[in-house]
Amino acid sequence: MMQFTENPPPPPLYPTRPWPDFPNSAKSLGSFNNAACMEQLLVHCAHAIEANDATLAQQLLWVLHNIAPPDGDSNQRLTSAFLRALLLRASRSGSSISAPATPHHPQFPLRLSAISLAGFIDLTPWHRFGFSAANSAIADAADGFPVLHLVDLTTTHCMQIPTLIDALASRPEGPPFLRLTLPSTPASTSPPPTLDISLDELGSRLVNFARSRNVGMDFRVVPSTPADGFHSLLEYLGANCNNAGEALVINCHMMPHRIPDESAGGILSPRTVFAKSLRSLDPSLVVLVDEEADFTSSDVVTRLRAAFNYMWIPFDAVETFLPAGSEQRRKYEAAVCWKIENVIAQEGVQRVERLEPKGRWGQRMRAAGFVGIGFGEEAAMEVKSMLDEHSAGWGMKRDDDDLVLTWKGHDVAFATAWVPSSATS
């Protein structure tokens, strides 16, 4: 049963019942058990929680608890995840609304071995799409250079790198020397799953793997964080990337959206500063891969709507090939739940899931002095071949020579490639 403080709440933003036929018993819940109604219930619940309207919140939470079991169908599991996120938001904001009996939820963080993490990533093309597109473009950028310096801004713990090493090793003219640099970001704001080994151990394994493929490799970690736009990393790169025989490639894989997006007092957005700082390095290539959604609104209800209409995709996708109750599905959806909770329950520097759509990133990159070069047919074929390994429903389309991953026709993620504008003049 919900517990509320004795302080009377302010007047509700909405009538006591969102609809004339608002259900008052479990028998009358059937008509609310569809995605559109679930979304509306969550929206009304978010408004009630933000207004500290305990009466309306209690009604809505009761309905949501009953129509969205955490082990139900994909829409129910999705709604259950948002319900928990709203309850966490209420508890963290000091609201008078609380619920001791929250839905069952996965425990964070998820820690996996390197082999288990590779299997986790291989479940869907969510990350492999970007890996396939980027690796083809990175290999092309390294042509004619004795050294490839790859700056890997990714949340996937270098899972892309072994395939890239194999691609470099197979080149008839011989592979370039690979310098790999990555930031060490705070674990507290990093999305699950995490690796059960240290970055030093990860680097040692990658160097040994590269050696087994006759590829020379150096691995370096720079303590840095997206909270300040990777300022420390960019300073390091500015002082260590002046080698004319080196192809500098910045690989941004679902990491830049963790850079804060707000401007303050007329100061440029940290994301804009980040893009301009990349341009000052005069890189050979910047690859930007991210999810196609907009979670940047300061209003939690707007974010809830955007997230609900995007995060259904992973729940729907795993429903098609992973059985209910399977450990793989539990872990995969646990990571999705973490993202939902971060979007809804967190604010400030703790809210790192601030997705921004491809068009807005494109405007920022062009304003910073980059020009898009798109992807060639070889990269497109690599992606298509990878998609053939996954369940039906996944697809790829071109958008101004960029590549876009789709699920049942809905945009999921985008891959874009950029060079300094002077490089094309």
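Predicted model: local features only at pLDDT ≥ 70, side-chain atom pairs only at ≥ 80, totals over all residues.

Me: How many of the residues of strand S13 are buried?
Reply: Strand S13 spans residues 410–420. It is mostly covered. The buried count is 9 of its 11 residues.

Me: In which sense do S9 and S13 pair, parallel or antiparallel, and over how many bridges?
Reply: S9 covers residues 285–291. Leu288 stands opposite Thr416 of S13. The pairing of S9 with S13 is antiparallel, over 6 bridges.

Me: Which residue in S13 is the bridge partner of Gly372?
Reply: S10, residues 370–372, pairs with S13 in the antiparallel sense. That pairing has 3 bridges. The S13 partner of Gly372 is Trp418.

Me: Which residue in the hairpin of S12 and S13 takes a positive phi?
Reply: S12 is made of residues 402–407 and pairs with S13 in the antiparallel sense over 5 bridges. Within this pairing, Leu403 has Ala415 as its bridge partner. The hairpin has 2 residues between the strands. The positive phi, near 50°, belongs to Lys408.

Me: Is Leu83 buried or exposed?
Reply: Leu83 is found in helix H3, residues 74–92. Buried means under 20% relative accessible area. Leu83 is at 0%, so it counts as buried.

Me: How far apart in space are Leu83 and Ile344?
Reply: In sequence, 261 residues separate Leu83 and Ile344. In space the value is taken C-alpha to C-alpha. It comes to 9.8 Å.

Me: With which side chain does the side chain of His127 make a polar contact?
Reply: His127 is placed in helix H5, residues 125–141. At 17% relative accessibility, His127 counts as buried. Beyond its neighbours within four places in sequence, it is in contact with Ile121, Thr155, Thr156, His253 and Met254. The polar contact, at 3.0 Å, is with His253.

Me: Which residues does Ser132 contact, leaving aside its neighbours within four places in sequence?
Reply: Ser132 also lies in helix H5. Its relative accessibility is 17%, so it counts as buried. Its contacts are Glu382, Val383 and Met386.

Me: How many disulfides are there?
Reply: Cys252 is buried, with a relative accessible area of 2%. Cys337 is buried too, at 12%. A disulfide needs two cysteine sulfur atoms within 2.5 Å. The count is 0.

Me: How many salt bridges are there?
Reply: Side chains of opposite charge can pair when their charged atoms come close. Here the cut-off is 4 Å from nitrogen to carboxyl oxygen. The count comes to 31.

Me: Why are Glu201 and Arg205 about one helical turn apart?
Reply: Their side chains meet in a salt bridge of 3.0 Å, N to O. Glu201 is partly exposed at 34%, and Arg205 is partly exposed at 41%. Both residues belong to helix H7, residues 199–212. They are separated by about one turn because their spacing in that helix is 4 residues.

Me: Which helices does the salt bridge of Arg329 and Glu319 link?
Reply: The two side chains meet at 3.3 Å, N to O. The pair links distant parts of the chain, 10 residues apart. Arg329 is buried at 7%, whereas Glu319 is partly exposed at 32%. Arg329 sits in helix H11 (residues 327–345), and Glu319 in helix H10 (residues 300–319).

Me: Which residues are linked in a network of salt bridges?
Reply: A salt bridge here joins Lys or Arg to Asp or Glu. The network draws on Arg and Glu residues. Its members are Glu50, Arg89, Arg303, Glu347 and Arg351.

Terms used
Residues numbered from 1 in each chain as written. Heavy atoms only, no water. Buried < 20%, exposed > 50% of the residue type's maximum accessible area, 1.4 Å probe, protein only. Pairing = 2+ DSSP bridges. Polar contact = N/O pair within 3.5 Å; in protein donor to acceptor, adjacent residues only side chain to side chain. Contact = heavy atoms within 4.5 Å.
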